[in-house]
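Dear colleague,

Here is the structure I said I would pass on. My notes follow below it.

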Amino acid sequence: CSLTYDATGHLTAERFMLDPQIPVNFKARVEATDAARTTARDVAKQNPAAPWLAEVDDQRRERFEIRHRNGPESVIGDREDFLPVSFLARGYAVSAAVAMVTVGGPQRAGGTGFLIGGGLFITNHHVLPDVDTARASTIEFGYEFDAQGQRLASTRFALDPGTCFITDDQNSLDVTVVAVGPRLDGPGELASFGACTLSDANDKHAIGMALNIIQHPELLPKCIAIRNNLLTARDSQVLLYETDTKVGSSGSPVFNDSWEVVALHHWGEPHLARSVNGEPGLPT
């Protein structure tokens, strides 16, 4: 792992060499849903005003359609891309809870994560795999540009795995939840960044809908990938979708158009497929 940092301590270049062993069960999900994902793309393309018709669960589709048409983020006109301008303001508000993770130790790397309430922070297991890594890592809020293109004053916190550390490895949920520790520098109080709360409500997403992701790709200042991100398949614990992510996007929150969290970003699917064939594969 070779990385270069600028004078402010932020990553400017990186090279990762990762173990080619990747989650085989996830590759099986990709292969098993190939036909379903193709169908979802076709149905969504044929029904631009109602791409959720690709949803195969009739009850879920009906609940989602009622909520979508009557909710504050209802589609306006005959194209899915028409949304109220409040979509932008609400997205910016929830983005405050998203932070860049800088992983300490001899091989510096990082990812993305977000506050979920109660002083807890969530990211991927492959970003923070154990207590020692968490203790050596920091999270940075507000690492982004303002509307004038100027860097905001960011705030860094330590992590406190002694208070809470829950993890499940990358062959399963690939998730780590850890308590936030003391502020290291910067002007922000932890409470000021809010939280992206989690729920198991089953009307938050439907096959064929668009997704939105807030992330730190390549550990750059905070970015978003919105709207052109099709949800193509789902099983009991995984959503498969098409979007732009890079190394550093691991642990990003994935949102619906109401800016509710529907998933924790885990892997970039094409990289997984190439890894199995012996080519380099990167988690994103």
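Strands here are DSSP runs of E, at least two residues long, numbered from the N terminus. The strand spans residues 98-103, and because 6 of the 6 residues are buried, β3 is largely enclosed by the rest of the structure.

This is a predicted model: local features need pLDDT of at least 70 and side-chain atom pairs count only at pLDDT 80 or more, whereas totals for chains, interfaces and linings use all residues. Residues are numbered from 1 along each chain as its sequence is written, and side-chain values use heavy atoms, leaving out hydrogens and water.

Two strands pair if DSSP finds at least two bridges between them. β3 runs antiparallel to β4 (residues 109-117), joined by 6 bridges, and Val98 stands opposite Phe114 in β4. With β6 (residues 138-141), β3 pairs over 4 bridges, also in the antiparallel sense; there Thr102 has Thr138 as its bridge partner.

**A four-stranded sheet**

An open sheet of 4 strands has the order β11-β10-β14-β15, with antiparallel pairing. Its edge strands, β11 (223-225) and β15 (261-264), each pair on one side only. On average, neighbouring strands of this sheet are turned by 25 degrees against each other, direction ignored (axes are lines fitted to C-alpha atoms; angles run from 0 to 180 degrees between N-to-C directions). Within the sheet, β10 (residues 212-215) and β14 (residues 253-255) are antiparallel and joined by 2 bridges, with Asn212 opposite Phe255 in β14.

Regards

Notes. Buried < 20%, exposed > 50% of the residue type's maximum accessible area, 1.4 Å probe, protein only.
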